[in-house]
Amino acid sequence: MNNIFSENSQIGVVSTFSDLVHTNFKGEMNALCWHRNLDGDFNEIVTKLSLKENITEVSPEDLIALQLSEKGNTAREIILNDLQLLTDFGASPSLNLLKCYERDDEFDFISTDVYSFHVDRSPIATDTFLCTYHGAVSDIVANSQAEQKILIPEIREKLKELHDGPAEEFEDFLTENYFDLHYQVHEDAEPVNLGLGHLWRLAVDHPKQQVLPCIHRAPIENDGEYRLLLIC
């Protein structure tokens with residue numbers, strides 16, 4: 001399959017939903033891409049949906065109620081099919097119309113919002129699925145091109161000052177406040193943009209995981225443009 005992802009050792013590229021969910025992560029590969037070139041007018045859907053909050057969940061019923069052109073209807077059918085595929089698989093997909101996420105600006109030396117490169121963690125075996133249909137798109141980066149922020153000496157010292165408790169409780173403090181999930185990319189790192197329309201499966205940090213979790217971040221939104229994002 002000839003595309004920009006196929007030669008990246010972090011990414012496995014598949015051509016069906018079945019392969020997306022049944023292919024095992026292995027070695028450096030902790031991201032799988034169902035590579036698609038989607039037809040349809042997703043911008044029309046975005047313009048006809050109502051943003052109620054910075055993040056508005058869109059139900060299948062909301063989509064079905066829209067009066068759309070032929071191309072808009074094509075886009076709607078693609079989204080509804082993606083939602084159904086993931087639901088039948090046992091996932092709980094959410095379609096979000098997104099203006100922006102909440103920012104974490106409490107500290108000037110570390111951030112724990114989704115705009116920071118981070119990994120997802122779960123107590124049970126699971127994966128993160130996502131697809132951007134419209135708007136700015138997330139990035140991933142190879143684990144070899146990033147370092148946990150809690151291992152960077154100057155950040156670690158500031159976190160110890162913030163903790164101000166028994167040393168034996170420091171690691172728990174880092175975990176409980178999600179500091180250990182966030183990464184600093186190296187200066188020569190080359191993040192990969194996930195592109196519009198592709199359905200991705202990213203490795204999550206969980207007890208049975210056989211590979212390193214996938215480091216990713218949400219994009220800064222384009223001015224005046226909403227994102228339409230499927231995630232679970």
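Which residue lies over the face of F25, and at what distance from the ring centre? In this predicted model, that residue is R201, placed at 4.3 Å from the centre of the ring.

Contacts between aromatic rings were examined next. A pair of aromatic rings is described by the distance of the centres and the angle of the planes. A search of the whole structure finds 10 aromatic pairs. One of them joins F17 and F89, whose ring centres are 6.3 Å apart and whose planes stand at 85° to each other, an arrangement classed as edge-to-face. Because F17 belongs to helix α1 (residues 17-22) and F89 to helix α4 (residues 70-89), the pair ties together parts that are 72 residues apart in sequence. The two partners can also be described by their accessibility: F17 counts as buried, at 12% relative accessibility, whereas F89, with a relative accessible area of 39%, is partly exposed.

A further pair is formed by F42 and Y133, and it counts as stacked because the ring centres lie 5.3 Å apart with the planes at 15°, an angle that falls under the limit of 30 degrees for stacking. Since F42 is located in helix α2 (residues 42-48) and Y133 in strand β5 (residues 127-134), this pair ties together parts that are 91 residues apart in sequence. Both F42 and Y133 are buried.

Strands of a sheet pair through backbone hydrogen bonds, either parallel or antiparallel. For β5 and strand β10 (residues 199-203), the sense is antiparallel and the pairing extends over four bridges, and L130 stands opposite W200 in β10.

Two residues were noted for their backbone angles. Most residues other than glycine have a negative phi, and most peptide bonds are trans. D164, however, has a positive phi, near 50°, and is found in the loop between α5 (153-163) and α6 (170-176). With a relative accessible area of 69%, D164 is exposed. Y178 likewise has a positive phi, in this case near 65°, and its place is in the loop between α6 and β8 (183-185).

Finally, the cysteines were considered. A disulfide is a covalent bond between the sulfur atoms of two cysteines. A search of the whole structure finds zero disulfides. For C214, the nearest cysteine sulfur is that of C33, 12 Å away, and C214 is in no disulfide. The cut-off for a disulfide is a sulfur pair within 2.5 Å. C214 counts as buried, at 0% relative accessibility, while C100, with a relative accessible area of 22%, is partly exposed.

Definitions and conventions. Residues numbered from 1 in each chain as written. Predicted model: local features only at pLDDT ≥ 70, side-chain atom pairs only at ≥ 80, totals over all residues. Heavy atoms only, no water. Phe/Tyr/Trp six-rings, centres within 6.5 Å; stacked < 30°, edge-to-face > 60°. Helix = DSSP H or I, 4+ residues; strand = E, 2+ residues; numbered from the N terminus. Buried < 20%, exposed > 50% of the residue type's maximum accessible area, 1.4 Å probe, protein only. Lys NZ or Arg CZ within 6 Å of the ring centre and 35° of its normal. Pairing = 2+ DSSP bridges.
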